[in-house]
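Here is my note on the structure, written as numbered points. Keep the 3D view open and find each residue as you come to it.

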Amino acid sequence: MIKNESTIEASVLMAVSEFDVKRSSLLNTLHSIARQCVPFPFELCVVDDCSGLDLEKFLSRFFERYPNPSLKRISVNALKEKAGFTRAPAMAIEMVSPGSEKMVIVASDCILLQNMAIFELCMRISPKKVVFTETAEINLPYNFYVDFEKNADRVLRDWSKHLNTVPYSVQRNNSNAWLFFAGAALK
């Protein structure tokens with residue numbers, strides 16, 4: 001991996017928990033990152049939120065097998081105590097290389113279906129703006145990655161049927177109400 005962190009232009013931030021490892025969603029997410037077409041160097045900053053894996057070793061082996069030429073740095077911070085769904089991804093910000101100006105937050109169970117997703121997000125970021133991606137909750141097989149291109153094409157062809165056109169309402173007093181998104185922010 002690259003030593004000169006000032007050449008990194010964008011950072012992908014992710015937190016991985018034991019839950020992500022148990023349900024095997026992480027492999028789908030990693031395959032979607034490995035196939036991203038990004039014309040500039042980017043890094044992957046991962047917070048290991050007590051996943052039970054040696055994530056540094058796991059990620060290193062994964063990206064040796066499925067390399068992305070634009071992915072220049074992988075950084076892992078293993079937490080000693082569980083931080084949780086909201087705090088763990090925020091901790092990845094501290095791992096971002098000094099030269100990186102744009103950050104894309106990806107949930108460890110979020111599949112970037114289009115191979116230009118990271119690039120497109122970064123191109124939409126301007127100072128003091130936040131960009132959110134179009135997301136949909138779709139039940140996908142744990143081994144979606146096995147034939148990623150074919151599976152992604154199938155979902156994208158039927159994308160409109162997966163979208164909810166009714167606005168979401170998240171009530172603070174309802175602990176079961178969650179709003180999941182992938183987003184990007186300017187450092």
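1. Let us start with Ile 33. Leaving aside residues up to four places away in sequence, Ile 33 touches Val 12, Met 14, Phe 42, Leu 44, Phe 63, Asn 68 and Leu 112. Please remember that this is a predicted model, here and in every point below.

2. Now for the setting of that residue. Ile 33 is among the residues with the most contacts inside the largest nonpolar core, which has 27 residues. Helix 5 gives the largest share, five residues. There is also a second, separate core of 11 residues, and Cys 45, Val 47, Leu 79 and Ala 92 are included in it.

3. Next, have a look at strand 1. How many of the residues of strand 1 are buried? Eight of the eight are, so the strand is largely enclosed by the rest of the structure. You can check this one face at a time: Ala 10, Val 12, Met 14 and Val 16 are buried on one side, while Ser 11, Leu 13, Ala 15 and Ser 17 are buried on the other.

4. Strand 1 also has strand partners. With strand 2, strand 1 pairs in the parallel sense over eight bridges, and one example to find is Ala 15, whose bridge partner in strand 2 is Val 47. With strand 4, the pairing is again in the parallel sense, over four bridges. There, Val 12 stands opposite Val 104 of strand 4.

5. Helix 3 covers residues 55-65, and its buried residues are Leu 55, Leu 59, Phe 62 and Phe 63. Why do they line one face of the helix? Seen down the axis of helix 3, the buried residues fall within an arc of 90 degrees, so they end up along one face. What do the buried residues of helix 3 pack against? Their partners are strand 1 (10-17), helix 2 (25-34), strand 2 (42-49) and strand 3 (71-78). Arg 61, Glu 64 and Arg 65, on the other side of helix 3, are exposed.

6. A search of the whole structure finds four aromatic pairs. In one of them, the rings of Phe 40 and Phe 119 have centres 6.2 Å apart and planes at 40 degrees, so the pair is tilted. Phe 40 sits in the loop between helix 2 and strand 2, and Phe 119 in helix 5, so this pair ties together parts that are 79 residues apart in sequence. Both Phe 40 and Phe 119 are buried.

7. Phe 144 and Phe 148 make an edge-to-face pair, with 5.3 Å from centre to centre and 85 degrees between the planes. Phe 144 counts as buried at 0% relative accessibility, and Phe 148 counts as buried at 7%. Elsewhere, ring pairs link Phe 62, Phe 63 and Tyr 66 into a cluster.

8. Finally, two loop residues. Gly 52 and Phe 19 are 33 residues apart in sequence, and their C-alpha atoms are 9.7 Å apart in space. Ser 100 lies in the loop between helix 4 (87-91) and strand 4 (102-105), and is buried with a relative accessible area of 1%. A polar atom of the Ser 100 side chain lies 3.4 Å from the backbone oxygen of Lys 102.

Definitions and conventions: Residues are numbered from 1 along each chain as its sequence is written. This is a predicted model: local features need pLDDT of at least 70, side-chain atom pairs count only at pLDDT 80 or more; totals for chains, interfaces and linings use all residues. Side-chain values use heavy atoms; hydrogens and water are left out. Buried means under 20% relative accessible area, exposed over 50%, partly exposed in between (1.4 Å probe, protein chains only). The arc is that of the directions from the helix axis to the C-beta atoms. Contact means heavy atoms within 4.5 Å. A nonpolar core is a set of buried Ala, Val, Leu, Ile, Met, Phe, Trp, Tyr and Cys residues joined through side-chain atoms within 4.5 Å. Rings of Phe, Tyr and Trp (its six-membered ring) pair if their centres lie within 6.5 Å; planes under 30 degrees apart count as stacked, over 60 as edge-to-face and the rest as tilted. A polar contact is a pair of N or O atoms within 3.5 Å; within protein, one must be able to donate a hydrogen and the other to accept it, and residues adjacent in sequence count only if both atoms are side-chain atoms. Two strands pair if DSSP finds at least two bridges between them.
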